[in-house]
Amino acid sequence: MPETRRRVEDFEYPSEEIQQCPYPFFEALRAECPVYPVKGRKAVQLSRYEDVAAAMANWRHISSDRSWLTSEMSPEVAAVLEEAWDDRDVLLGEDPPSQTQHRRLVAPAFAPKRIAQLRNRVVAMANELIDGFAADGHADWVTQYANLLPARVMTALFGVPFSDHERLTRYTEDYLDWTAKMLNPLAPEREVECAHSIVSFQRYVHERLEAMKDEPGENLFGDLVQAENVTLGVKIDIAKTMLIAGVETTRGLLGSSMKLLLEHPDQADRVRADRDLIPQVIEESLRIESPAQRASRWVPDDVEIPNGELPGGHYMNLLIGSANRDERVFDDPDRFDIDREELGRHLAFGKGVHFCIGSPLARMEGVVSLELAFERLPNLRLGGAASAYRANPLTRALDSLELEWDAS
Amino acid sequence: VKVAVDLAACECHGQCEIVAPTVFKLEDETNLSWDAAPPESAREDAEAAVVMCPTQAITVAD
């Protein structure tokens, strides 16, 4: 008997069910309605790989510019932000040529040589975190590791003191809540708190850049200090984008890759015997639980995409998490399989001019984390408690992940 | 100037075409064409493409 697939109309969207596991909904969208109009808004969601990839590649007609996007703010929030530099969303929220110009400023920080230089420091930071719980025989991999490592690594990438990681984590949390507030509205007090945090982050970046003027060093802030013809506001905005993109998505990857691998003991045993398989684990994890679940675009004029056309004046949500499970591209797409033929074809890092510049760093953090965990935590396995995904429709990251191992 | 592209590494993100449009051209989403021996005047742009390529697929030599 064929399985009955649920229809799009059977789902309540948005809902907690879809938040926890959006994939059955995405499957219905891909089958019935690849260009899905969002109720009450001039917006569509693209769910098929072909459309998402085509939209990402077509920056000339499908724009990332978000300067037209304005949100209303309370007088309290406006008063706080009066002291702030404009949040212009450089890099992610702009198109070439300005996007290219800004990307050129950060490209050197992600060159293979620089990433290779960071590796030893990432290993040391990861080892220090594991030292904190190795003797216990159990830990929450998300709260005691995955949520902590990326902000620490950002201190090395930026070239700021390691002790800054706590404030970087706090700024990230606040910025994330702030940027998601259109989808998840905030309490008025929380909104004011986030606005304060934005102002203090901007001041922080300004101070650090000032302090580096004499000895910039080979790091991202050092590159920004030396950049000419770029305003301080743009530099601050770049720092913000790098921080959020580097922290939130990477912690999603670190949590999901561990969970997925341990849920598949046969594949985990192969990895124990051959650590060289770890990069494949990371790629398959990026595909099946993509940390960045969607990208947004703006369509100024009528445009064609492979499975439809769209009148100008619409927004587009590119459902990366759906594209990466498209059965037209990935065989048995819900199966976690580190040997799959289509391993590298996922769109987890995007495609085209916005392709994730930090992908080499994210991959390295992912590989180092699994290598060290398997090396140092004997007979590593899932603990009893169930884990849930955080309530954020933009990114996919676990709230917690209980692990156990044989402590000596 | 000699320009080489490692097609095994190239994922056609198109950064090269934007910074060095006289040297590189994305024919479609999976095909890149390029001038393997552009004039000296294109050197600076070609070198920018080396830095900008997210998969480090481009090399420029004399």
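The second largest pocket of this predicted model has a volume of about 350 Å³. A pocket is an open set of points on a 1 Å grid over the protein atoms alone, with protein on both sides within 12 Å along at least five of seven lines, and lining residues have an atom within 4 Å of a point. Grid points are joined across faces, edges and corners, and a volume is the space filled by probe spheres set on the points. The lining of this pocket comprises 15 residues, with A:Tyr49, A:Gly344, A:Arg345, A:Leu347 and A:Lys351 nearest the centre. By class, five of the lining residues are nonpolar, five polar and five charged (nonpolar: Ala, Val, Leu, Ile, Met, Phe, Trp, Tyr, Cys and Pro; charged: Asp, Glu, Lys and Arg; polar: the others, Gly among them).

Two cavities of 30 Å³ or more are present in the structure, a cavity being a set of grid points where a 1.4 Å probe fits but cannot get out. The largest cavity contains about 110 Å³ of space. Its lining consists of 15 residues, and B:Cys10, B:His13, B:Gly14, B:Cys16 and B:Cys53 lie nearest the centre. Ten residues of this lining are nonpolar, four are polar and one is charged.

Chain B contains two helices and four strands, arranged along the sequence as β-α-β-β-α-β. Helices (H or I, at least four residues) and strands (E, at least two) are DSSP runs, numbered from the N terminus. Along the principal axes, the C-alpha atoms of chain B fill a box of roughly 30 × 20 × 15 Å. Of the contacts in chain B between residues at least 6 apart in sequence, 58% join residues at least 24 apart, where contact means heavy atoms within 4.5 Å. Buried residues (under 20% relative accessible area, 1.4 Å probe, protein chains only) account for 44% of the 62 residues in chain B.

A:Thr100 belongs to helix α5 (residues 98-106) of chain A. This residue counts as buried because its relative accessibility is 5%. Beyond its neighbours within four places in sequence, A:Thr100 is in contact with B:Ile18, B:Val19 and B:Met52.

Residues are numbered from 1 along each chain as its sequence is written, and chains are lettered from A in the order in which they are written. Local features need pLDDT of at least 70, side-chain atom pairs count only at pLDDT 80 or more, and totals for chains, interfaces and linings use all residues, while side-chain values use heavy atoms, with hydrogens and water left out.

Terms used. Buried means under 20% relative accessible area, exposed over 50%, partly exposed in between (1.4 Å probe, protein chains only).
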